[in-house]
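Please look through the sequence and the model shown here before reading on.

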Amino acid sequence: MSEITAEGLGLKSVGKVYRNLGYDDLYAHEIKNAEGKVSANGTMMVDTGKFTGRSPKDKYFVKQSPSQEHIAWGKINQPVAEEIFDELYADVIDYLSGKDIYVTDGYCGANPETRKDVRFITEIAWQSHFVKNMFIRPDAADLLNFAPNFRVYNAAGMTNKNWEKHGLNSEVFVIFNIEKNIAIIGGTWYGGEMKKGIFTMMNYWLPLEKILSMHCSANVGQEGDVCLFFGLSGTGKTTLSTDAARKLIGDDEHGWDDAGIFNFEGGCYAKCIDLSADSEPEIFAAIKRNALLENVVADEAGNIDFSDSSKTENTRVSYPIEHIDNHEPSLKAGQPQNIIFLTCDAFGVLPPVSKLTKEQAMYYFLSGYTAKVAGTERGVTEPQATFSACFGEAFLPLHPTVYAKLLGEKMEKHGVNAYLVNTGWAGGGYGVGKRMSIKATRACVNAILDGSINHVEFDQTRFFKLNIPKELHGVETALLNPRNAWEDKDSFDQTAKKLAGMFVDNFKKYITDNDEFDFTQAGPEI
């Protein structure tokens, strides 16, 4: 318990204040408050109610100067008037005042020069536990003098009854006031709103200082060689960056400055669906006391069925990064040597590995492509293409080209190589071809990491103009050129042309008369 006052928290009054509790105390509070159940191996399990994922349509920024000049307004970054924020902020303060409160202080960013000191004010212990896992934990001495740069008020149990009058999407709200350095959350218990909310803010602050913020995982080899892995959900980002021969810097959010790569976080937030000790041994082993499971299904004895998606496909676990034995304790490393863009191409068109030019790297970074397999809906028989700028469009307050240009500048300055790796289908699209084996994908990644890919002959594909190795150790030669792996070459050409057209259509939104340079020449041609 802490002596911090209601006034110090910005509240009118306060019950008991539980500030920066240790894991054992949080565990005791979770049990005492009946906030969750304990699994057979002692891991706390909680449910997040009807919201088992983020609510992107309910996220807003207060439209005011000077931040409004920098924000790329639209479907991702929706504006809200300052008066509406002030009204909801007052409601949040009223709602939290007088309650017992959990206060959790943490750092975002492993570089002390640019990190943010963030204070989370919540009404339940497990949300305090979640942010303790996810953010960098200050030591006891630092906590004594902790002065937050940014505050998050999480009034999960409160809804906005006047949402229609306010012209908002629903009674749920996640609103950022950049000038006041405050975020308010209401109507959703999902912890990921806090994690991704601060990530969104880092994506605002850092690029304005010429530091690239990235939605990627990162690891470092014994010789200090750093590799970044970008990729949307289901592409293998976590799996491929977790490598027994390399130290994990982080699994999701990083910055790139003049000193190198640094993690924003002090923990990991992994998907649990179909998790097994065989498929993901490091993550499976990380699920133990101090980790926090969300929306998993367990029997009365606490035995978890990780294959059960009856609550959600988005079952999750958060845990401190120390639960991964082979992690980099400083959460930092030097300049990257390699960047890998991961895509799961369900059309079966993209090669298993391609070496990109700097311009191609910016094009595929901006495109942020992957493809989902056909769903269960009747009549949907083809893969669904997904484009998410910079492999994380939902978290980008600035225009995507800001991040792409920074990427290009840093790649050029530090001589970084970039590659496109397809973890999807070969020999045909979904339903005809076969999924690329993890063994073949690992061989591609290993060739990148050990540099052997730079000593082979390259060919170029037709529509996508991608440079592909003619031979590569550990990969079937027939797979390296995707056209060769298809029986029906005409069908391949038609499918490749169709996917190329999707890329071209998606990229049109980045073409303007006053752009500093045009990325389109690096993309596919029909």
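Is Gln-64 buried or exposed? With a relative accessibility of 9%, Gln-64 counts as buried, where buried means under 20% relative accessible area, exposed over 50% and partly exposed in between, with a 1.4 Å probe and protein chains only. This is a predicted model, in which local features need pLDDT of at least 70 and side-chain atom pairs count only at pLDDT 80 or more, while totals for chains, interfaces and linings use all residues. Residues are numbered from 1 along each chain as its sequence is written, and side-chain values use heavy atoms, with hydrogens and water left out.

Gln-64 lies in the loop between strand 4 (59-62) and strand 5 (78-80); helices (H or I, at least four residues) and strands (E, at least two) are DSSP runs numbered from the N terminus. Leaving aside residues up to four places away in sequence, Gln-64 touches Glu-82, Asn-177, Ile-178 and Glu-179, contact meaning heavy atoms within 4.5 Å.

Helix 10, which spans residues 358-367, is mostly covered, with eight of its 10 residues buried, among them Gln-360, Ala-361 and Met-362. After helix 10 comes Gly-368, which has a positive phi near 55 degrees.

The axes of helix 10 and helix 15 (residues 489-507) come within 10 Å and cross at roughly 80 degrees, so helix 10 is roughly perpendicular to helix 15, a term for angles of 65 to 115 degrees. Tyr-363, Tyr-364, Leu-366 and Ser-367 of helix 10 make this contact with Phe-503, Val-504, Asn-506 and Phe-507 of helix 15.

Technical notes
Axes are lines fitted to C-alpha atoms, for helices over the stretch in contact, and angles run from 0 to 180 degrees between N-to-C directions. Angles under 35 degrees count as roughly parallel, over 145 as roughly antiparallel, 65 to 115 as roughly perpendicular and the rest as oblique.
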